[in-house]
Amino acid sequence: MSLDLGYLGIYNAKAVYRNLTPAQLTEWALCRGEGTLSNTGALVVKTGKYTGRSANDKFIVDVPAVHDEIAWGKVNRPTTREMFNALWGKVMAYLQNRDIFVFDGMAGADPKYTKRFRIVNELASQNLFIHQLLRRPTCEELADFTEDYVIVAAPGYKADPAVDGTNSEAAILVDFDAKRVLICGTQYAGEIKKSVFTIMNYILPKEGVFPMHSSANVGKDGDSAVFFGLSGTGKTTLSADPNRFLIGDDEHGWADDSVFNFEGGCYAKCIDLSPEGEPDIYNAIKFGALVENVVMDPETREFDFHDSSLAVNSRVGYPIEYINNAVLSGKSSSVPSVVIFLTADAYGVLPPISKLNAKQAMYYFVSGFTSKVAGTEIGVTEPVPTFSTCFGEPFMPLDPSVYAKMLEEKVIKAGTRVYLVNTGWNGTGKRMKLAYTRAMVTAALTGEIEKANFVTDPTFGVEVPTEIANVPSELLIPENTWQDKAAYKAACKKLAESFVQNFKKYTKMPADVVAAGPKA
């Protein structure tokens, strides 16, 4: 179905291809030389210079209608409507006499909160990606489709910082007021996905929905749970529970009566991927999937997931239907009974699992803590604390206090139990075994953990269980794993001070939330 894009400023397009199937988009991408097929049938592309999000190149248009809502700073950088319009006009002119690929899709599996997006792509491969990542409308929904937002992605257009006011040749410009997003200069498909997420994080709080950068699953009895966690904490692994059903792996909303996925697909990391470690992701790399920056043997077309020469952040995008135990409706009929914050503490002092009250939940949610381990990066010789506001700082346009208050309200209203789970290290210098972490998470999900005796951690103030089935009790209290008690106390103090210093930047957080943090 063709489409007139003149209302966007695109005239005399060579052709406009609207809502093609994955098979058609794959054929177009191959014919245009955008990628090649793997031995599993997946489309494989290289994204060139940009193999991840370009955080320094994202701007939000600052106009009176949104000025007082946005948490301006190094993440939410302001730009002018004039700058946006000028670059928009240049990119639209660039797209003249070119093939254009359009996908009309939706975000938000709960119909009460669904938003419609028109994605306009220069590349068929990027259009395939977003077709698989967003929710796909039915024929009836397409018949009278009118978008709420437009996103234009033209990686072939390189911005000129001296003229266009950008930081580099890449630019991601979000205009909440005009309901448009412009992406140019970067082929990394994640920029499109995360632009949708940013918009949802701006809109949904106004509608009483708490947006979450989290995975979510549901039990056989209909009980739902959400998992927050930064990279390397085990979010994907622990939410992919064989005894539960996956709602989604990355972006969700907590409404009054449901947890719902924003998306209709998954965007998983591929580095060191194995059929033993992540069988669902491994088996999803087949026809219809888009693979970015994974090294492939040119003769056999077999992947080498351990080769990071193209990118450490290699990725695959695929529809959620490729996951065996997925909830295809994308929503649960219940609000979360359990929230789990995942962290990987390299200091070895956070309990492997602990219970949080509502104020502590706000504190640790806003902090979004994990840590880098010595030796993982050049120059990292001791644990380095890493904080990402609300476990998704780059995508949160509103002040953190807005999201934290929504979390508190939802938790209290639903009687949700909140736990902090440390998948990292302890005083033995060893990382917690996955089997033990799974046992702890299962105990939290089933409620068995509440039958345990709890003690209060003197530094972090959280409640720690003293026994959990199938977990050695000596591992539950961090101090017990340290031979050098003085070193343990010093490590506690150092991590607590990092939390305290980081939290000072949150100037709108209530005093009782600040007081709920660690005691340095």
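A contact is a pair of residues with heavy atoms within 4.5 Å of each other. By that criterion, residues 24 or more positions apart account for 73% of the contacts in the protein chain with a separation of 6 or more.

## Basis of the model

The structure is a predicted model, in which local features need pLDDT of at least 70 and side-chain atom pairs count only at pLDDT 80 or more, while totals for chains, interfaces and linings use all residues. Residues are numbered from 1 along each chain as its sequence is written, and side-chain values use heavy atoms, with hydrogens and water left out.

## Overall fold

The protein chain has 14 helices and 27 strands; these are DSSP runs numbered from the N terminus (helices H or I, at least four residues; strands E, at least two). Its radius of gyration, 23 Å, is close to the 24 Å that the globule rule gives for 520 residues, so the chain is as compact as a globular protein of that length. This radius is taken over C-alpha atoms, and the rule is 2.2 Å times the number of residues to the power 0.38.

Of the 520 residues, 58% count as buried (under 20% relative accessible area, with a 1.4 Å probe and protein chains only).

## The eight-stranded sheet

Eight strands form an open sheet of mixed pairing, in the order β1-β6-β7-β8-β10-β9-β4-β5. Strands β1 (15-18) and β5 (77-79) stand at the edges with a single partner strand each, so one side of each is left without a neighbour in the sheet. Two strands are paired if DSSP finds at least two bridges between them.

Within the sheet, β7 (residues 115-121) and β8 (residues 149-154) pair in the parallel sense over five bridges. N121 stands opposite A153 in β8.

## Helix α11

Helix α11 (residues 400-414) has 15 residues, which at 1.5 Å a residue should span 21 Å; its end C-alpha atoms are 21 Å apart, in agreement. The expected span is 1.5 Å times one less than the number of residues.

Buried residues of α11 include P400, Y403, L407 and V411. The cover over the buried residues of α11 includes α7 (190-203), β14 (251-254) and α10 (358-367). Just after α11, G415 takes a positive phi of about 65°.

## Residue S38

S38 lies in the loop between β2 (36-37) and β3 (43-45). Its relative accessibility is 7%, so S38 counts as buried. Leaving aside residues up to four places away in sequence, S38 touches V44, M296, R301 and F303.

Key
Buried < 20%, exposed > 50% of the residue type's maximum accessible area, 1.4 Å probe, protein only.
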